[in-house]
Amino acid sequence: MSKKNKLNKKKTKPTPVNFQNTILNLQKFWGDYGCVILQPYDMEVGAGTFHPATTLRSLGPKSWKAAYVQPSRRPTDGRYGKNPNRLQHYYQFQVIVKPSPDDIKKIFLRSLSKIGINHNEHDIRFVEDDWESPTLGAAGRGWEVWCDGMEITQFTYFQQMAGIECNPVSVELTYGLERICMFTQKKSNVFELDWNDDGIKYKDVFHQAEKEFSSYNFEFANTESLLKNFEIAENECKFLLEKKLSLPAYDQCLKASHIFNLLDARGVIGVAQRTEYISRIRELAKGSGQCWLESQK
Amino acid sequence: MAELFIELLSEEIPAKLQIEARKKIKQALDEKLQKSEIYFKSSSSYSTPKRLVFVIDGIPEKIEQKKKVIKGPKIDAPQVALEGFMKSNNLKKTNIYKKKIEKGEFYFADTKPKILNLLKEFQSIIPETLKTYSWKKSMKWSNYSLNWGRPLRSIVAIFNNKIVSFDFFHLKSGNQTLIESLNEEKIKKVSDFKSYLNILESENIVLDQEKRKKIILNKMNNICKLKNLKNKFSENLVEEVVNLVEKPNVILGKFDEIYLKIPKEILIVTMQQHQKYFPLFDENDKITNLFLLVANLSDKKGYIKIGNQKVVEARLSDAKFFWEKNKNQSLVKQVRKLKDLSFFNELGTFYDRTQRLRKLASLISEQLNLNKEKVEIASSICKVDLVSDLVGEYPELQGVMGKYFAAEQGFEPDVSLAISEHYLPKGIESEVPKKPISIAVSLIDKIDMLVGFFGINEKPTSSKDPFALRRNAIGLLRTIIENKLDVHLKDLINYSIVIYGEQNIKFKNNSITKEILNFLRERFKNLLKDKKIRNDIIEAVDVSHTGHDFLLLYKKCLIINKNISKDIVKNIIGTYKRASNIIDQELKDKKQEVSGQPESFLFKKDEEKNLYNKINEIRQYFTSTKKNESYDETLKILAGAKVTTDNFFDNVIVNDENLDIKKNRLELLQLFCKTYNNFIDFSKVEGV
């Protein structure tokens with residue numbers, strides 16, 4: 001395709017949605033749908049799923065609809081701001097609906113059109129991906145949603161959470177916001193994304209953080225104190241569970257989980273030992289889930 | 001003639017589940033119809049990710065069931081049997097009568113001729129059939145109690161242009177299907193299969209999976225022909241993509257040639273596994289920068305192609321960055337990095353582990369007569385790629401990456417190869433390592449694992465095997481038998497325990513060697529079963545063998561299994577059983593002690609002496625062959641005693657009046673059996 005053609009095409013297209021408007025549009029869409037719009041959870045988590053509004057609220061019989069953006073930390077994914085696709089801190093937009101509505105797929109596809117993805121022009125595919133989180137003792141059936149070969153959303157029906165069968169079943173939609181915007185804004189570097197329409201780019205907001213946190217995650221995080229902190233969080237969680245305080249206990253479980261991720265990034269956990277750490281965190285998650293479920297009765 | 005049409009519309013069902021449901025539900029419907037005496041000419045099933053369709057054609061519009069005589073229970077059977085008979089056939093007391101036949105007196109009933117109400121029949125047949133289908137993987141959604149492969153949205157069921165109306169959990173069958181389009185769903189009325197196909201066709205949906213496959217393969221073959229590329233595609237992937245789309249569209253994509261510099265395994269995994277593309281190879285099997293993708297939509301504006309190319313380039317640019325960074329990072333220098341990589345709590349780090357392997361390397365090299373230095377080098381560096389970024393990104397390429405790094409850094413080819421091959425076999429179907437250095441590292445790697453986890457009592461249980469020790473053991477055994485290796489496992493295990501001790505790793509378990517050998521033995525028996533060797537033969541060989549030479553055990557099993565129905569083994573077992581039966585009988589009836597050795601002065605007949613001499617001859621044979629025993633030869637010798645034993649049985653009566661002579665004869669027979677048991681315990685082999 002010649003350059004000229006490309007330009008012509010651009011002219012007929014509306015300006016792509018900037019990063020902050022993508023979030024706002026999704027909030028508006030799901031808010032209108034009837035979701036409680038929440039703010040991010042104020043702790044370090046690896047994914048939007050870890051927010052208690054998803055993990056704990058997906059348990060028990062009560063209906064629940066919520067949506068929120070969640071900064072997610074994956075220490076091992078840090079690339080010192082040098083890789084155009086990888087970040088150790090990024091945003092997920094999370095929707096949770098319990099019980100799952102029959103027309104959720106249709107509604108989801110409609111939400112895509114609000115952020116600039118027209119599913120008659122792009123190859124939207126539902127590719128099997130039965131999600132599992134061994135740390136949360138969670139499992140679901142669902143798909144990665146691909147748009148022209150790129151994963152843009154995780155679409156999951158929870159079957160189990162914190163080791164407990166889900167009944168009724170919730171559906172969870174997790175939008176990868178940076179990827180979606182790279183797609184809609186036609187950028188091949190995440191740092192070049194337009195954050196707003198006032199010239200601020202993603203790099204202006206996060207590039208320094210990516211550099212510094214990558215150094216911390218990979219080089220300077222003190223593994224000895226992390227190992228200690230893991231134990232402290234674990235014990236605190238168990239103690240709080242004895243006191244039947246499900247939410248504070250779950251916070252400690254989140255802490256342990258993040259510390260584990262940091263230890264993993266520091267490369268001090270081998271394959272076999274991973275299993276052991278993961279099962280320790282799972283015990284905490286199970287305890288918290290059980291405790292929360294009992295509080296719902 | 002009439003047609004039954006069923007459509008089950010759901011959210012996207014994964015390819016494998018879809019294929020299975022398509023086949024199995026059809027089969028179940030066919031069977032159910034036949035059982036209900038509803039005949040049909042043809043039956044077919046189709047699927048797309050969202051649609052499962054069953055069409056049964058050529059059903060008579062009217063089916064008359066003729067008058068039939070049905071037989072009930074015997075007249076003296078318990079009352080419940082009669083009640084059951086009446087209930088299941090919908091009979092009243094007045095309908096039944098008694099009648100004598102050859103086997104006795106029975107209840108009978110005549111059914112009335114009736115015309116089947118097919119619509120009504122289908123109303124129960126369809127939901128019943130669907131209910132009995134069990135998915136390999138199923139799920140629940142919303143607050144419904146239905147368990148299905150993926151959320152089931154609607155059911156269309158039409159017989160002879162009329163709705164077959166039934167309830168299936170929360171759903172009600174009807175005649176409307178849904179077509180997804182931009183932001184809306186179109187509802188379409190269906191009257192039969194033909195009208196349904198018309199609806200789909202107008203939406204460019206290809207329902208028939210075979211047609212989709214043909215379309216896809218044709219297009220892919222054409223492109224390959226045009227570009228002079230090989231048209232060999234992974235069959236599994238073809239099968240998968242055929243069932244991932246309903247509007248197939250093949251697109252030729254391309255990535256920048258600079259990525260061809262990275263190892264092809266990375267390219268293949270990225271394209272095939274992660275993106276479900278078909279990587280393309282030139283005539284010399286060299287990978288190219290072209291690939292095929294199957295989209296679910298025609299690419300009118302070219303967005304799909306551009307989008308996919310971007311995705312794969314983004315992935316590859318990440319991989320290339322790491323490849324260039326990792327390939328020159330000296331494996332030898334990085335060994336110490338393994339000190340930071342914990343293997344398992346009590347079992348130390350990966351550094352400790354490779355140090356242990358290095359020591360085991362010298363013993364295995366001795367046993368297999370290999371270049372010790374090479375095995376040691378391979379053992380020291382075989383885990384280093386675990387700390388590389390690439391293996392972090394592509395865990396499935398552990399070992400493979402190490403091989404490439406080693407080759408880049410000038411290690412000898414067999415040493416480099418051992419880095420990737422020491423992980424073999426990766427599964428039941430996977431090949432075992434075949435090259436000497438690879439074999440050696442693979443074996444000691446597995447022994448170190450087994451000893452470590454058994455040492456700290458992290459043994460597999462019947463339901464849990466978190467460290468995959470079973471697979472490990474089977475891999476070890478397969479490597480030994482498939483390469484015909486003469487290894488001394490007990491020595492290796494014992495030495496491994498010593499090495500752990502030298503690293504101050506404390507074991508709680510005091511009988512590691514015994515437990516591992518037993519564990520291997522059990523796995524070995526399973527392996528033999530998988531190789532279709534008869535259970536009794538496995539037992540017979542197992543019981544008689546006290547050593548731990550699995551190759552030997554395997555060969556014995558094979559030869560017996562091969563010859564079990566041939567005269568040679570039949571003769572041996574026949575003779576053996578004849579002798580052992582006499583002893584068993586005697587022991588059972590009179591509790592006669594048969595413990596001593598036969599004394600030659602008590603022999604009264606030549607046949608006794610001859611048998612005694614024959615036995616000694618065979619014993620002589622066993623002591624003299626040992627290591628070099630040829631099992632064919634052994635079988636010949638054992639079978640060769642038949643004449644002598646036949647003579648004995650024909651002319652000597654064991655049950656002599658003189659108890660001493662009788663006891664002596666029994667002891668002679670027992671000696672005979674024991675001698676034969678040197679080979680395998682023939683008493684375990686089932687009758688011939």
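Where in chain B is the place of Lys276(B)? Lys276(B) sits in the loop between helix H7 (264–275) and strand E16 (278–281) of chain B. This is a predicted model, so keep that in mind throughout. In the model, Lys276(B) has a positive phi of about 60°, although it is not a glycine. At 16% relative accessibility, Lys276(B) counts as buried, because the cut-off for that label is under 20%.

A cis peptide bond links Leu424(B) to Pro425(B), with omega at about -10°. You'll find Pro425(B) in the loop between helix H14 (413–421) and helix H15 (436–455) of chain B.

The average pLDDT of chain A is 92, and 95% of the residues score at least 70. Confidence is lowest in helix H1 (residues 3–12) of chain A, where the mean is 45. At the other end, strand E1 (residues 36–37) of chain A is where confidence is highest, at 98. Over residues 1–12 of chain A, pLDDT stays under 50, and the model has five contacts for that stretch beyond four places in sequence.

Next, the overall build. Chain A comes to nine helices and nine strands. Its C-alpha atoms fill a box of roughly 65 × 45 × 35 Å along the principal axes. A compact globule with 297 residues would have a radius of gyration near 19 Å, and chain A has 20 Å, which agrees. Of the 297 residues in chain A, 57% count as buried. The accessible surface of chain A is about 12,700 Å², and 49% of that belongs to carbon and sulfur atoms. As for contacts in chain A with a separation of 6 or more, 68% of them are between residues 24 or more positions apart.

Chain A is split into domain 1 (12–216) and domain 2 (222–295). The C-alpha centres of these two domains of chain A lie 24 Å apart. Across the divide, 22 residues of domain 1 of chain A are in contact with 22 residues of domain 2 of chain A.

Which strands does it pair with? Start with strand E6 (residues 138–147) of chain A: nine bridges join E6(A) to E7(A), and the two run antiparallel. Arg141(A) stands opposite Tyr157(A) of E7(A). Tyr157(A) also has a bridge partner in E9(A), namely Val171(A). That partner belongs to another antiparallel pairing, in which five bridges join E7(A) to strand E9 (residues 171–176) of chain A. Strand E8 (residues 164–165) of chain A is likewise antiparallel to E7(A), with two bridges between them. Here Met161(A) has Ile164(A) of E8(A) as its bridge partner.

E6(A) and E7(A) form a hairpin with two residues between them, and Asp148(A) is in the turn. Asp148(A) has a positive phi of about 50° although it is not a glycine. At 0% relative accessibility, Asp148(A) counts as buried. E7(A) and E8(A) also form a hairpin with two residues between them, and in that turn Ala162(A) has a positive phi of about 50°.

Chain A has a cis peptide bond of its own to check: the one joining Lys98(A) and Pro99(A), with omega at about -5°. Pro99(A) lies in the loop between strand E3 (89–98) and helix H4 (104–114) of chain A.

Let's finish at Tyr202(A), which lies in helix H6 (residues 202–220) of chain A. Is Tyr202(A) buried or exposed? At 0% relative accessibility, Tyr202(A) counts as buried. Beyond its neighbours within four places in sequence, Tyr202(A) is in contact with residues including Phe19(A), Leu87(A), His89(A), Tyr90(A) and Glu178(A). The contacts of Tyr202(A) also include Val190(A), Phe191(A), Leu193(A), Trp195(A) and His207(A). Glu192(A) is ten residues away from Tyr202(A) along the chain, and their C-alpha atoms are separated by 6.1 Å.

How values were computed
Residues are numbered from 1 along each chain as its sequence is written. Chains are lettered from A and ligands numbered from 1 in the order in which they are written. This is a predicted model: local features need pLDDT of at least 70, side-chain atom pairs count only at pLDDT 80 or more; totals for chains, interfaces and linings use all residues. Side-chain values use heavy atoms; hydrogens and water are left out. pLDDT is the predictor's confidence in each residue, from 0 to 100. Helices (H or I, at least four residues) and strands (E, at least two) are DSSP runs, numbered from the N terminus. Contact means heavy atoms within 4.5 Å. Two strands pair if DSSP finds at least two bridges between them. The radius of gyration is taken over C-alpha atoms; the globule rule is 2.2 Å times the number of residues to the power 0.38. Buried means under 20% relative accessible area, exposed over 50%, partly exposed in between (1.4 Å probe, protein chains only). Accessible areas come from the Shrake-Rupley method with a 1.4 Å probe; for residues, only the protein chains shown count as cover. Domain bounds come from an automatic or database domain assignment.
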